2 protein chains.
Amino acid sequence: MNTPLRLGIAGLGTVGTGVVKIIRQKANLLATRAGRPVVITAVSARTRDKDRGVSLADYAWEDDPVALAKRDDVDVFIELMGGSDGPAKAATEAAIASGKDVVTANKAMLAHHGQALALAAEEAGRVIRFEAAVAGGIPVIKALSEGLAGNDITRVMGVMNGTCNYILTRMLSAGLPYQTVFEEADKLGYLEADPTLDVGGIDAGHKLSLLSAIAFGVQVDFGAVVLEGIEKVTIEDIRHAADMGYRIKLLGVAQMTGRGLEQRMSPCLVPAQSPLGQLEGGTNMVVLEGDNVEQIVLRGPGAGMGPTASAVMGDVMDIARGFRLATFGQPAAGLAKAQAASTATPARYYLRMSLDDKPGALAKVATLLGEAGISIDRMRQHDHDETSAAVLIVTHKTTRSALDTALSGINKLDVLQTEPVALRIETV
Amino acid sequence: MNTPLRLGIAGLGTVGTGVVKIIRQKANLLATRAGRPVVITAVSARTRDKDRGVSLADYAWEDDPVALAKRDDVDVFIELMGGSDGPAKAATEAAIASGKDVVTANKAMLAHHGQALALAAEEAGRVIRFEAAVAGGIPVIKALSEGLAGNDITRVMGVMNGTCNYILTRMLSAGLPYQTVFEEADKLGYLEADPTLDVGGIDAGHKLSLLSAIAFGVQVDFGAVVLEGIEKVTIEDIRHAADMGYRIKLLGVAQMTGRGLEQRMSPCLVPAQSPLGQLEGGTNMVVLEGDNVEQIVLRGPGAGMGPTASAVMGDVMDIARGFRLATFGQPAAGLAKAQAASTATPARYYLRMSLDDKPGALAKVATLLGEAGISIDRMRQHDHDETSAAVLIVTHKTTRSALDTALSGINKLDVLQTEPVALRIETV
């Protein structure tokens, strides 16, 4: 048990540097907890000469992450480069082929290639761990795949993109429109180089697909995640939702239904007083529901050097302690692709539309909803300006297809001024 | 890997029955996730003939849990009898001596004998797991000892007795005095046979001492937990706290300070808008703070058949998967007893007292506080009746010893009508 565990780290950005710092600062603590030393033998990054605030002099340097992954003095390949393909994937594959375990924070790579990588690791008798890929410092992969292993998971929900949650909560607190807060977030460096990854829900969708695979024992299938970003969420909708006791969150929901696996990442209304509704700023939250455990809520920082490095180290320590777990919690060879649910679970919906301010306009909308079998729970109308009226409707529970039928009719109405907004109200 | 893991379950109350149900209902799922079958071979309980809603016909029966613990066809002894000593301890010791791993929900036994049992297990090469002993279904032991293994833990806090939280939140929501709600809770079956275990903070203190041992790498030391129950919390204090934006919670706090290890379980004020402040009813919450992860908040059901059995199964599945972890996350032989902090970390305090309604009364109190070096942040006085005035004071940060000096003087004042109430305001 006293053989050191030797790490090779590829990618020395914020997270990689954080991992190096922890291993340097806590050598004794880590060795005591793991029962063996945890050491870095080699590192790799795009730029060698850069002040990272930590000395790399003790470690071998590789320009090529694939070469790092193959080194004989590396037991665990730590992939912190990012990107779904390219060097990250090539090096991960090389590591597995060379008999290394892998720890990665790369949600995009696993969302797209998780099944293939898991199979390769399984055949090679190696593990892939990815706690840092989902919800930053929150040990949610561990909670789901280990702590709740005695449950049939019934639903997984999460606010897993801190940038989107920052934008949505800041819009409400400062009363600012989306575009203004988006630009603020950009200046603060909160956005990915391609901001669509954040605000389009893609990053959070990647994470949801990974949780789904573990929760429901199926192949990861990011392509089946129904994605809707926050770009169209207006300050008006945020305010109206708040007036009615709701918050708008970019919420991921995965559940296995009689119609197949439902995976959605979209702006939803949740009760303002619920844990999800109360989540402010860049913090992440994941809700895990199982038939025995009922509901567990996990909350913590979704990004940043310390929290993400903490998650990487959780995986490293598991490997150092000899814990061997299949990538998605059970043998990858036995995972089937889930049938994707053709429609979403029925829900209440929030609708907002702008109508001509003339007699009968509202009646036309109400009629179309009624014809689609949708009953109205609450309705508010207030004058927008001299010629238009803003109408807010909260429906009773309905299917999305019934709603789409009604919306399609409403879209054709001659009294409609702008396309209606329809947001799902999630039961939490 | 296809050798079945054979369980012997001692104690077939709510939790034990829940575990039997899960293993019967989810045999395939558990085998897939663990890579091997998980089976029950023998059970033991005080009463054999009792309808538990689940068949025990497939399992050997033992009247004596010690005999069960020694059986050759048992790999893991599941201790769900409870009690710090007696049969639970005897059977656990017998199991370890017979080379069995142990899974237990017994916080009292581990709080009192955790170090000795951990040493025995270590010498025998066996593990003791106790996820179900702390915070019900929340996988907090796992999060702390594994997920956050790359952190120096800086503070652990928790609301870990659902009954107390039920009583305190119900007092506020229904406006009822302590005694009335206590009797309600008793009728609802929420209280332990000895209710002091709940309302005296002992049960929650047991849990805190277990988390402390893991968090700070020290011997479990329940005797060093400064305990204060909720028996003296009045509806007046709950209301006054609410008026000032606080909630009163039975809050456990453990932190390592320059003065030694601080472990407190006591009624504290926390901000109403914080996750702890918002926690209602029987739900538990644990807050874990580490130098890298910052703050993780875990919330979930603190008791009940399903959640507690879920936690037991998490431990069973870890053992089935071959995960071997020292009882408190590092070798017990290396754990030292921590110096207990002689005083609590300075904090703001809420004070309430009833004074004679005559000139100069308040000045005397203010003078004594000032002489002890305590400055006043907020003060409210309102007539109580014709002869007395209720005085509420929120102090700035002070030491408990300075406060005790002031309180000792205040207690001697001739204008004082009832003993002052002093509650700590915790920073969360």
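Reader: Which residue stands opposite Ala42(B) in E3(B)?

Author: Ala60(B) does. Elements first: helices (H or I, at least four residues) and strands (E, at least two) are DSSP runs, numbered from the N terminus. Two strands pair if DSSP finds at least two bridges between them. Here strand E2 (residues 38–44) of chain B pairs with E3(B) in the parallel sense, over three bridges.

Reader: What should I know about the model and its numbering?

Author: This is a predicted model: local features need pLDDT of at least 70, side-chain atom pairs count only at pLDDT 80 or more, and totals for chains, interfaces and linings use all residues. Residues are numbered from 1 along each chain as its sequence is written, chains are lettered from A and ligands numbered from 1 in the order in which they are written, and side-chain values use heavy atoms, with hydrogens and water left out.

Reader: What is the strand order of the open sheet in chain B?

Author: Read E3-E2-E1-E4-E5-E6, six strands with parallel pairing. The edges are strand E3 (60–62) and strand E6 (128–129) of chain B, each pairing on one side only.

Reader: And in chain A, what is the order?

Author: An open sheet of six strands runs E3-E2-E1-E4-E5-E6 in chain A, with parallel pairing. Its edge strands are E3 (60–62) and E6 (128–129) of chain A. Strand E1 (residues 5–10) of chain A pairs with strand E2 (residues 38–44) of chain A over six bridges, in the parallel sense.

Reader: Which strands does helix H4 of chain A lie across?

Author: Axes are lines fitted to C-alpha atoms, for helices over the stretch in contact (heavy atoms within 4.5 Å). Angles run from 0 to 180 degrees between N-to-C directions. Helix H4 (residues 86–97) of chain A lies across strand E4 (76–79), strand E5 (101–104) and E6 of chain A. The helix runs at about 170° to E4(A).

Reader: Why are H2(A) and H12(A) called oblique?

Author: Angles under 35 degrees count as roughly parallel, over 145 as roughly antiparallel, 65 to 115 as roughly perpendicular and the rest as oblique. Helix H2 (residues 27–34) of chain A packs on H12(A) at about 45°, with axes 9 Å apart. H2(A) and H12(A) are therefore oblique to each other. Leu30(A), Arg33(A) and Ala34(A) in H2(A) meet Met313(A), Met317(A) and Ala320(A) in H12(A).

Reader: At what angle do H1(A) and H12(A) pack?

Author: About 65°, with axes 8 Å apart. H1(A) and H12(A) are therefore roughly perpendicular. Residues of H1(A) at this contact include Val15(A), Val19(A) and Ile22(A), and those of H12(A) include Ala309(A) and Met313(A).

Reader: How many aromatic pairs does the structure hold?

Author: Rings of Phe, Tyr and Trp (its six-membered ring) pair if their centres lie within 6.5 Å; planes under 30 degrees apart count as stacked, over 60 as edge-to-face and the rest as tilted. The structure holds seven such pairs over all chains. One is Phe130(A) with Phe328(A): tilted, 5.6 Å centre to centre, 55° between the planes. The two residues are 198 residues apart, so the pair links distant parts of the chain.
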